[in-house]
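Here are a few exercises to work through with the model open in your viewer. Try each task before reading its solution.

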Amino acid sequence: EPPLDPVGLFVTRPQDGEVTVGGNITFTCKVAGASMLKKPSVKWFKGKWMDLGSKVGKHLQLHDSYDRNNKVYIYEMHIIQAKMTYAGGYRCEVSTKDKFDSCNFSLIVHAMHSLPSLWLFLKFFLVCHSNVLLPPGKSEPKTESQPDVDVWDILRRAPPSEYEKIAFQYGITDLRGMLKRLKRIKKEEKKSTAFLQKLDPAYQVDKGQKIKLMVELANPDAEVKWLKNGQEIQVSGRYIFEAVGNKRILTINHCSLADDAAYQCVVDEEKSFTELFVKEPPILISHPLEDQVVMVGERVEFECEVSEEGAAVKWEKDGIELKREETFKYRFKKDGKKHYLIINESTKEDSGHYTVKTNGGESVAELIIQEKKLEVYQSIADLTVRARDQAVFKCEVSDENVKGIWLKNGKEVIPDERIKISHIGRIHKLTIDDVTPEDEADYSFVPEGFAYNLSAKLRFLEIKIDFVPRQEPPKIHLDFMGQAAPDTIVVVAGNKLRLDVPISGDPIPTVIWQKLLSETEGRVRVEMHEDHCIFIIEGAEKPDEGVYRVTVKNPAGEDKADITVKVIDVPDPPEAPKIIDVGEDYCTVQWQPPKYDGGQPILGYILERKKKKSYRWMRLNFDLLKELSYEAKRMIEGVVYEMRLYAVNSIGMSRPSPASQPFMPIAPPSEPTHLTVEDISDSTVTLKWRPPERIGAGGLDGYNVEYCKEGSTEWVPALQGLTERTSALIKDLVTGDKLYFRVRAINLAGESEPALTKEPVTIQEILQRPKFWLPRYLRQTLVKKVGETINIVIPFQGKPRPKVTWTKDGQTLDAKEVGIRNSTTDTILFIRKAEHHHSGTYEVEVQIENMNDKVAITMQIMDKPGPPQNVKIIDVWGFNVALEWKPPQDDGNAQISGYTIQKADKKTMEWYTVFDHYRRTNCVVSDLIMGNEYYFRVFSENLCGLSETAATTKTPAYIQKTGAIYKPPSYKEHDFSEAPKFTHPLVSRSVISGYNATLSCAVRGSPKPKIFWYKNKVDLSGDAKYRMFSKHGVLTLEIRKPSPFDGGFYTCKAVNESVYRASCNSCMTATTPWATSPWPPPNTFLILTTGPSSQCLITLVFLSPPAAHPLSSLYLLLPAPHTHTTN
């Protein structure tokens, strides 16, 4: 038989578990059901409030069953194909009609088993070279937070699905307009002649702040106009124009949402555009939500106040957003700065934590829905009343709003002039004046909506007057109606005490009332009648308690009697409770009984709590607490609370005790994660770890690091005090010791569980061979521009720390020009401003004793080229001008890629581009206008761009007008045919599988040759895996995602055709070997045969082919101009 839990509802609680990624795990709990009338309610949570009932699906399943033999309910939670994000704390809650219990447990998810060593090596290689392998613009995120948030940059980088979330978080009101403006911004701006510095693409400013928009002009005397959304801005108190030298500044004071617009600065015909985004300040919650306790069916209204009118807020219940579509149940209301959440008819399902969120904070309140339960503090009592007296039935219930009816013998009492019904607060009264015998009956009070019936009996006392002889001694009849005289009369404080004492005697005796040992006050009065006397105290109080003596006298004698009166009341308020223990979401409260129990035993206590800044107290227990301590649960970590309590006896509930000292539920953090040993030497150990998964509201003060020798139980502090870093270097250790290490996280609530190394660590240096991990981009020539910053990082390995040496072209580097920084894992070469003389081959060597490793890096620093030389006008004819020039003297340490030719009319001297990216050193400029004179200039170009200056013709070229006699010069016909020739051959190379690769070469020839690509002598023209490009003579073959099968011998063939004077076509094919091979080849002769239609057949015969001219080579026969002789 399973053991029963004497405190909670669980028979078996869920236990902590561990699982590997992709694995399955099951958590089980058992609940005792022998004493339950119906099935309990069980909920599973992750974290604090995320209900897993709504997450059931492919990866999560919930099951329950009932064991009839043991009368146990079994509940199971199955996690299928676990992921790393499933790790964390879980909670299981079970509740019945009058009981509640919960249990916490955790799940640890381990990563997959280690990969093969080759894959680990490749992964490490890829990580080391991530700056090359990552596509442009995709870099690792920086961990350092920036003080100013650039919403513009965040929106530009974020996916469209995140736009609304970012707009809510940063207070963007016009998201649609902002996105439209984003599209209109140009990525690259052309060089401006009016502006030296244009406006930035966008600016951002907080609402109410000041911003300056500044441009810098090329002409300081130019007039400037500022436009806002196309309308010119006029000078005012908010818009200020400033001119400081070449700078023009527009200052906008006290920015509002109306200033969120597009701005332009106009100079002549040029414009500079920008966007100004006005960011609203964060919305703060000035008055938070308050906890509420209501009955089922009552109206609930949560109210909060924010710092701005019309601000957007979001309501959540237990972490789930309340949508506007659910207006059939939840109603949202705004009134200036106040926001309301209204639930008209509450149900038990509405219990939970409600949160209101803004972009500047949030507030949480708890709603508890109680089933209607009425408590009777004072029931009605039986009355015995004499004729013409007043009868008062009074009862007190717990709810002031409860109404009810009075019944007389089962029939409703109808009030009139003599019978009055009153309801004041929690007290209901039925008053009957001038009681008659007909009023004797059973009276009941029935509260509306509750199954209660408070009953009492009214007895009518008849007075019989008998004749007695005169001179009868006085007599006090306390045992009237055959009943024994009570020793003590009990009265509730505040009620009217009325003592009717029958007396007899003739003549009528004199009655004297007196209180022993004390005196009575003015609230006491005595009424005398012939046969009885009445002692009345209006509103009995504690001092009225005691022994009262009544004395009757007449001439015949006297009689005395003592009556004890006891006044009972509600207890005194207890002293302020004390908080003796605080946890993450609970606290333990302890208190002492009240000094005065009101004359009745204490039945129990009622405990209440509230938030420090709130005014609403919330009741924590429905049943009276019998003990003098209580553990309050379901509190919010990080919120300050106060506690108070009431004492309850049979009379009622005391006034509340003073509030306890404020306290905050906090818990120690969880243990640090991923504790690893990063490095070991003969006397030091370097540890690294990650912060705890759960830190809590108490924050994190630091970490405590300790170590212990193997076989010992004494833990020694490794550092003095706490460390805030997630790594530690432990020094002064003994070589050869085997030590365990542990790390604890510490905050205000105390220490976490320790993170412990699984195996002992031997303190001994590990020798590791030095080796460089050269990034891929450094294996080729590193090309940089003059003036750029060079920062080369080369990681390496080696233990103990190796010696690093840098040299350039065999010479030691100058520390004034080149900065070197070495660490234990990498070396950095830094040049702040690159110059031409920094080009060359750099060698770096790491050395440990007699082991070393070297790598070489080739660096090319290039600059813009100089202008071309000797630009001349060779000839002018018709509308054409022939130009010629020489390459520049300074090519900027890079190959000249082309020239840009411009022309300018002598009258206007406005320059227009005729040719760009032109590769030859001569050209013909056409389509010129007759009668005009033209100057020409030429810029040279390389990879850095155009030359700073241009070479200009010294004299203009004059285009003669129509009618002038023009004698065309006689030119010797020139054959421009040119056989294909490779100016840059193919270079063998190695590529990485899976990444696109290219093969490039350059060719020239006239007419333009046709290009063919071969792989192992197989034509690649029809293969979709390859793409061929040809641009300005540069030939490129792109191989898409090559595999090892794409390795081989690639050939590029260029073929062109020219027309022979004798109409003889010949095939001319050129490859790189042809360009240097002599012609004719040795040991060969030609055979020429004339065929039909004047066709000529040329045969090349090899007598003994040498090794330098294999038969696989191709030879080109060129026709000599104007002759039939073959060269």
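**Exercise 1. Find the residue in β18 that stands opposite glutamine 204, then work out how the strands around that spot are arranged.**

Solution. Keep in mind that this is a predicted model.

Step 1: Go to glutamine 204 and look across to β18, where phenylalanine 277 stands opposite.

Step 2: Look at the strands themselves. β11 and β18 (residues 270-279) run parallel, joined by 5 bridges.

Step 3: Move on to β17, which pairs with β18 in the antiparallel sense over 7 bridges.

Step 4: Now try β13 (residues 225-228), which runs antiparallel to β17 with 4 bridges joining them. Here lysine 228 has tyrosine 263 of β17 as its bridge partner.

Step 5: You get an open sheet of 5 strands, β11-β18-β17-β13-β14, with mixed pairing.

**Exercise 2. How many residues of β17 are buried, and how many of β66?**

Solution. The cut-off you need is under 20% relative accessible area for "buried".

Step 1: Take β17 (residues 261-267). Here 7 of the 7 residues are buried, so the strand is largely enclosed by the rest of the structure.

Step 2: Take β66 (residues 826-831). The count is 5 of the 6 residues, so this strand is largely enclosed too.

Step 3: See what pairs with β66. Strand β62 (residues 790-799) runs antiparallel to β66, with 6 bridges joining them. β65 (residues 819-822) pairs with β66 over 4 bridges, also in the antiparallel sense, and a hairpin of 3 residues joins β65 to β66.

Step 4: Pick out threonine 827 in β66. Isoleucine 794 stands opposite threonine 827, and asparagine 822 has threonine 827 as its bridge partner.

**Exercise 3. Which residues have the most contacts inside the largest nonpolar core?**

Solution. Step 1: Start from the background idea. In soluble globular proteins, nonpolar side chains tend to be buried together.

Step 1: Select the core. It has 26 residues, and those with the most contacts inside it are Phe27, Val31, Trp44, Met77, Ile79, Tyr90 and Leu107. The elements giving two or more residues to this core are β3 (25-32), β4 (41-46), β7 (72-79), β8 (88-95) and β9 (100-110).

Step 2: Zoom in on methionine 77. Leaving aside neighbours within four places in sequence, methionine 77 is in contact with Ile25, Thr26, Phe27, Trp44, Leu52, Leu60, Gln61, Leu62, Tyr90 and Phe105.

**Exercise 4. What percentage of the 1127 residues of the chain count as buried?**

Solution. Step 1: The answer is 37%.

Step 1: The chain exposes about 67200 Å², with carbon and sulfur atoms supplying 51% of it.

Step 2: Finish with secondary structure, which comes to 5 helices and 87 strands.

Methods
Residues numbered from 1 in each chain as written. Predicted model: local features only at pLDDT ≥ 70, side-chain atom pairs only at ≥ 80, totals over all residues. Heavy atoms only, no water. Core = buried A, V, L, I, M, F, W, Y, C linked by side-chain atoms within 4.5 Å. Buried < 20%, exposed > 50% of the residue type's maximum accessible area, 1.4 Å probe, protein only. Contact = heavy atoms within 4.5 Å. Pairing = 2+ DSSP bridges. Areas by Shrake-Rupley, 256 points an atom, 1.4 Å probe, with all protein chains shown as cover.
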